[in-house]
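Please find below a short note on the model under review.

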Amino acid sequence: MLSYRHAFHAGNHADVLKHAVQSLILEALSIKDKGFCYIDTHAGAGGYALDHEWTQKKAEYLGGIAPLWQQREKWPQLAGYFAAIDAMNDAMNSDQQLDFYPGSPKVAEYFKRPQDNLTLMELHNNEVELLRENMMVPGRRSSRSQSPTIHHRDGFEGLIALLPPTLKRGLVLIDPPYELKEDYHTVASTLAKAYKRWPIGIYAIWYPLLARNVDRSGALKTALANSGFKDILCAELSVSEQAEDFGMYGSGMIVLNPPWKLDEQLNELLPRLADALAQDKAAGWSLEWLKSAPSV
Ligand SMILES: C[S@@+](CC[C@H](N)C(=O)[O-])C[C@H]1O[C@@H](n2cnc3c(N)ncnc32)[C@H](O)[C@@H]1O
């Protein structure tokens, strides 16, 4: 049974890293007129009201998007990400406030042009209903273009069934809850299959950085380094010290086939994010090529 509900974590430091990287990749894909596809294997509810009782329970956004939003003019490199947040609040008639936070589907919707298409997959019965409702509220740009395709299905097997996509350029976001230990293995095996069907796609994989005795990020990185892709960039952001047994102290994004200059953009962004979101002195960041370095 699936119990994870993303509303409890909406807008936290992990969402900031994930959606900032997602926005930079979609911005890069938008440079050319030719259409792109966006496939979200674990879409969640699409967007979140920050005053919802679940989101308010730990109010994780107060240590994530909230402090950045207050000073958004100081983050020109995140202009696209902030515009996606703005678009959702605008569509919900919230005036310049941070009342709503866009999940990955709403972030993608902001960047979508008429020639692009979005496919969103979600397995949870209630989350997929919320996703359908949320994606009916048009963002600033999407009102002019057609709706996304939403599948109530397993995103891992769904991804393989959808590849190769009709539009040859695009991004796959893989963002499982990692409630099941098998998720780590399934991410790696799915990507090995995906590579055979669509080796030129961009794939972004989110993963948690957990307490020492339960962290599996090292094994995931090793497995992905062997998935067949030639260029693999890995960005990590930690906000606090790593505990022994319990808790998430940060997260990472692995990008397979990253767009040109994403490494330079992240090299500038990550230290600033680590400073802004630090909860203690152990906060930090890293950026490494797991495979292939840029030729300079
Ligand atoms: C971390 S949340 C996704 C958040 C979303 N990507 C965002 O950034 O706003 C993970 C979601 O995956 C869903 N899920 C879990 N296992 C799944 C599977 N095998 N296929 C598709 N969705 C799944 C959960 O119900 C949950 O809504």
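The points that follow concern a helix pair, the cysteines and the nonpolar core.

1. The structure is a predicted model, and every value in this note is to be read on that basis.

2. Helix H4 (residues 79-91) and helix H5 (residues 104-111) have axes that come within 9 Å and cross at roughly 105°. Because angles of 65 to 115 degrees count as roughly perpendicular, H4 and H5 are described as roughly perpendicular to each other.

3. On the H4 side, this contact is formed by Gly80, Tyr81, Ala83, Ala84, Ala87 and Met88. H5 contributes Lys106, Val107, Tyr110 and Phe111.

4. The disulfide count comes to zero, with a disulfide taken as a pair of cysteine sulfur atoms within 2.5 Å. As for individual cysteines, cysteine 37 has a relative accessible area of 2% and is buried. Cysteine 234 also counts as buried, at 0% relative accessibility.

5. The largest nonpolar core holds 84 residues, of which Ile65 and Tyr203 touch the most other members. Among the contributors to this core, helix H1 (residues 13-29) gives the most, with nine residues.

6. Which residues is tyrosine 203 in contact with, leaving aside its neighbours within four places in sequence? The contacts of tyrosine 203 include Leu163, Leu171, Val172, Leu191, Ala194, Tyr195 and Trp198. Phe229, Ile254, Val255 and Leu256 complete the list for tyrosine 203.

Note on methods: Residues are numbered from 1 along each chain as its sequence is written. This is a predicted model: local features need pLDDT of at least 70, side-chain atom pairs count only at pLDDT 80 or more; totals for chains, interfaces and linings use all residues. Side-chain values use heavy atoms; hydrogens and water are left out. Axes are lines fitted to C-alpha atoms, for helices over the stretch in contact, and angles run from 0 to 180 degrees between N-to-C directions. Helices (H or I, at least four residues) and strands (E, at least two) are DSSP runs, numbered from the N terminus. Angles under 35 degrees count as roughly parallel, over 145 as roughly antiparallel, 65 to 115 as roughly perpendicular and the rest as oblique. Contact means heavy atoms within 4.5 Å. Buried means under 20% relative accessible area, exposed over 50%, partly exposed in between (1.4 Å probe, protein chains only). A nonpolar core is a set of buried Ala, Val, Leu, Ile, Met, Phe, Trp, Tyr and Cys residues joined through side-chain atoms within 4.5 Å.
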